[in-house]
Amino acid sequence: MTRTQFRHVAGHLLTPLLMCLGMALAYLGAFHQPEPNNLALAVVGDSPQTMVLAQTMKDNGGAGLDMVTLPDRDAAIDALRNRELVGAYVPDATKPELLVATASSDTSAMAAEVAFRSVSDHQGVPLVITDVTTKAGGDPTGQGIFFLLVALSVGAYGSVAVIGAAGALLRMRARAAIGVVTALIVSLIGVVVAGPVFGVIDTDLASVFAIAWVYTSGIILIGIGLHTFLKRWTTLALITLFVMLNFTTSGGVYGPELQNGFFGALHSFWNGADFVEGLRSLLYFDGGAGFGSRLFGLFAWLVVGVALVVVAGRYEARHAPQPVAPAAVEEEIGESVAV
C-alpha cells in the first residue's frame with residue numbers, strides 16, 4: 001500500500017471513528033447515571049404532618065427533588081395532566097397512594113415511586129400506584145413514540161447523502177422539492193408502521209403524520225443546505241445533530257428530570273424533544289400541556305432548514321458546482337451510516 005492509498009483510507013476511517021467517539025460521549029453521558037434533577041413531586045394535604053413530610057423529603061433530596069404540597073387529590077390529578085408534576089403522594093395510615101402519569105415518562109414515574117416507597121415502607125403498609133393517563137394498546141411502556149422518532153430520523157438524515165450526492169447537478173430548488181417529497185414518504189412509512197401495523201398510535205393518525213412530516217422535512221432541508229458546504233462531512237454533522245444530541249435529549253428514555261443540566265437544557269428546544277413531547281401531549285394529554293410550544297419548535301427547525309437551503313442555493317449560484325464523478329457519488333452515499 002502506498003502512502004497516498006494509506007492516507008486515503010485513513011482519511012475515510014476518520015468519519016466512523018469520530019462517530020464512535022461522539023456516540024460514546026453522547027449516549028454514556030446522557031444515560032450512564034440517571035438521577036433526579038429537580039424531579040417535580042407533591043404531597044397531598046394541608047395538615048402539619050403533610051408539611052413536615054414534604055419538607056423532610058426536600059431536605060433529604062436536595063436539588064434532586066422539587067417538592068410542593070397540594071390541597072387535595074383532584075388538584076394533584078390536574079397538575080399531573082398538565083404535566084406540571086411527575087408524581088403526587090396521597091398520605092393514608094393504611095392505604096397511601098401515589099399518583100403518576102406514565103404517558104409523560106415511564107422512567108420518571110418509576111423514580112417517583114422509588115422516592116415515595118420509602119415512606120410507605122416506613123409505615124409498613126403497601127403503596128398503591130394510580131396512573132392518571134391511558135396509553136395506546138400497542139404501547140404499554142409509552143416509549144413507542146421514541147422509537148418512531150428513531151425510524152423517522154434515520155430515514156431523514158440517510159436520505160440527505162443520496163439527494164446531495166446523486167442530485168449534485170440538480171438545482172437547489174429541485175433538490176429541496178425532492179427532499180420534501182422524501183420527507184412525506186418517510187413520514188408515511190413511519191406512521192403506518194407505528195399505527196396500523198403495531199398499534200403504537202391508535203388516534204389522530206392524520207395529525208401525527210403532519211407533525212412527522214414537519215419534523216422530517218426540517219432534518220432533510222437542514223441536511224441539503226449543509227451539504228453544499230460540508231460535502232462528505234454532512235453525514236457526520238447530521239448524526240451529531242439528529243442522533244447524538246437528538247435521541248439523548250428527546251425524553252424518550254429518560255426525561256430531563258433524570259438527566260444532567262446539559263442534556264436537560266437541550267430537551268427544552270431540540271427538535272426530537274419537540275416531536276416526542278408534542279405527540280405525548282397531543283395523544284395522551286388532550287392536546288394541552290405544552291403542545292403548542294412544541295409544535296412551534298418543530299416549525300422553527302423547519303424554518304432553519306428553509307433558510308439554509310436558500311443560503312446554499314445562492315452560494316451555488318455564485319459558485320457553479322463542477323460535475324461530480326460517479327465514483328465520488330457512490331463513495332459519499334456509502335458514508336451514510338445509519339446508527
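Predicted model: local features only at pLDDT ≥ 70, side-chain atom pairs only at ≥ 80, totals over all residues.
1. The model contains an open sheet of 5 strands, arranged in the order 2-1-3-4-5 with mixed pairing. Its edges are formed by strand 2 (65-70) and strand 5 (128-131), each of which pairs on one side only. On average, and with direction ignored, neighbouring strands of the sheet are turned by 25 degrees against each other.

2. Pairing of strands 1 and 2. Strands of a sheet pair through backbone hydrogen bonds, and the arrangement is either parallel or antiparallel. Here strand 1 and strand 2 run parallel and are joined by 6 bridges. Within this pairing, Val-43 has Thr-69 of strand 2 as its bridge partner.

3. Helices against the sheet. Helix 3 packs on the sheet and touches strand 1, strand 2, strand 3, strand 4 (97-100) and strand 5. The direction of helix 3 makes about 30 degrees with that of strand 4. Helix 4 (residues 106-123) lies across strand 1, strand 2, strand 3, strand 4 and strand 5, and runs at about 40 degrees to strand 1.

4. Largest nonpolar core. In soluble globular proteins, nonpolar side chains tend to be buried together. The largest nonpolar core of this model has 70 residues, of which Leu-85, Leu-148, Val-208, Phe-275 and Leu-279 touch the most other members. Helix 7 (residues 205-230) gives the most to this core, contributing 11 residues.

5. Surroundings of Val-208. Leaving aside residues up to four places away in sequence, Val-208 touches Leu-148, Val-191, Ile-201, Thr-203, Leu-279, Leu-282 and Leu-283. Two of these contacts, Leu-148 and Leu-279, are themselves listed with Val-208 as the core members that touch the most others.

6. Second core. A separate core of 20 residues is also present; its members include Leu-41, Met-57, Ala-111 and Leu-127.

7. Positive phi at Asn-38. Most residues other than glycine have a negative phi. Asn-38 is not a glycine, yet its phi is positive, at about 60 degrees. Asn-38 is placed in the loop between helix 1 (3-31) and strand 1 (39-44). With a relative accessible area of 47%, Asn-38 is partly exposed.

8. Positive phi at Arg-83. Arg-83, also not a glycine, has a positive phi of about 60 degrees. Its place is in the loop between helix 3 (73-81) and strand 3 (87-90).

Definitions and conventions:
Residues numbered from 1 in each chain as written. Heavy atoms only, no water. Helix = DSSP H or I, 4+ residues; strand = E, 2+ residues; numbered from the N terminus. Buried < 20%, exposed > 50% of the residue type's maximum accessible area, 1.4 Å probe, protein only. Core = buried A, V, L, I, M, F, W, Y, C linked by side-chain atoms within 4.5 Å. Contact = heavy atoms within 4.5 Å. Pairing = 2+ DSSP bridges. Axes fitted to C-alpha atoms, helices over the stretch in contact; angles between N-to-C directions.
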